[in-house]
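Open the model in your viewer and keep the sequence panel beside it. This tour tells you what to select next and what is there.

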Amino acid sequence: MEKENFKDLSFNDVPKAVEFLIDKVLIMSKQLESVINLDTQKSSDSWMTIEDLANYLPDKPAIPTIYAWVNQKLIPYNKVGKRLYFLKSEINEWLKNGRRKTAAEIALEASVRFEKMKK
C-alpha cells in the first residue's frame with residue numbers, strides 16, 4: 001500500500017493500512033536504534049588529542065596543566081611516539097572517580113561505622 005492510496009481509504013482497507021503503518025514503524029525503529037548505537041559507540045570510545053581533551057574537560061584546563069597531570073600520572077593517557085592520546089571513555093571514568101562525597105554522605109558513613117562498632 002502506497003502513501004497515495006491513503007487518501008481514498010475505505011473501512012475495508014483499514015487492516016491493510018494498519019499493517020503497512022506497523023511495517024514502516026518497525027523499519028524506522030530499527031534504523032533509529034542503529035543510529036543511536038553508532039552515536040553511543042562514537043561518543044564513548046573516541047580518541048582525543050591533548051587539545052581536544054582541554055576543550056572537553058569541564059574546567060577547560062590549560063594544556064601545560066594537562067602535561068603536568070600526565071607527568072604525575074594523574075590522568076589516563078596513551079602515548080604513541082611523542083604524541084599523547086586520551087580515550088574518551090577512560091576520561092569519563094576518571095572524572096567520575098574524582099567525585100568528592102558530600103558532608104551528609106560522610107556523616108552517614110561515620111554513623112553507620114559507629115553503630116557497627118557499638119555492636
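Buried means under 20% relative accessible area, exposed means over 50%, and partly exposed lies in between (1.4 Å probe, protein chains only). By that rule, 14% of the 119 residues in the protein chain are buried. This is a predicted model: local features need pLDDT of at least 70, side-chain atom pairs count only at pLDDT 80 or more, and totals for chains, interfaces and linings use all residues. Residues are numbered from 1 along each chain as its sequence is written, and side-chain values use heavy atoms, with hydrogens and water left out.

**Whole chain.** Colour by secondary structure. The protein chain has five helices and three strands. Helices (H or I, at least four residues) and strands (E, at least two) are DSSP runs, numbered from the N terminus. Along the sequence the pattern reads α-β-α-α-β-β-α-α.

**Next, F11.** Select F11, in the segment before helix 1 (14-44). F11 counts as exposed because its relative accessibility is 73%.

**Then the aromatic pair.** How many aromatic pairs does a search of the whole structure find? The search finds one. Select W69 and W94: their pair is tilted, 5.7 Å centre to centre, with 55° between the planes. W69 sits in helix 3 (residues 63-71) and W94 in helix 4 (residues 88-97), so the pair links distant parts of the chain, 25 residues apart. Rings of Phe, Tyr and Trp (its six-membered ring) pair if their centres lie within 6.5 Å; planes under 30 degrees apart count as stacked, over 60 as edge-to-face and the rest as tilted.

**Last stop.** Stay on W94. W94 is partly exposed, because its relative accessible area is 24%.
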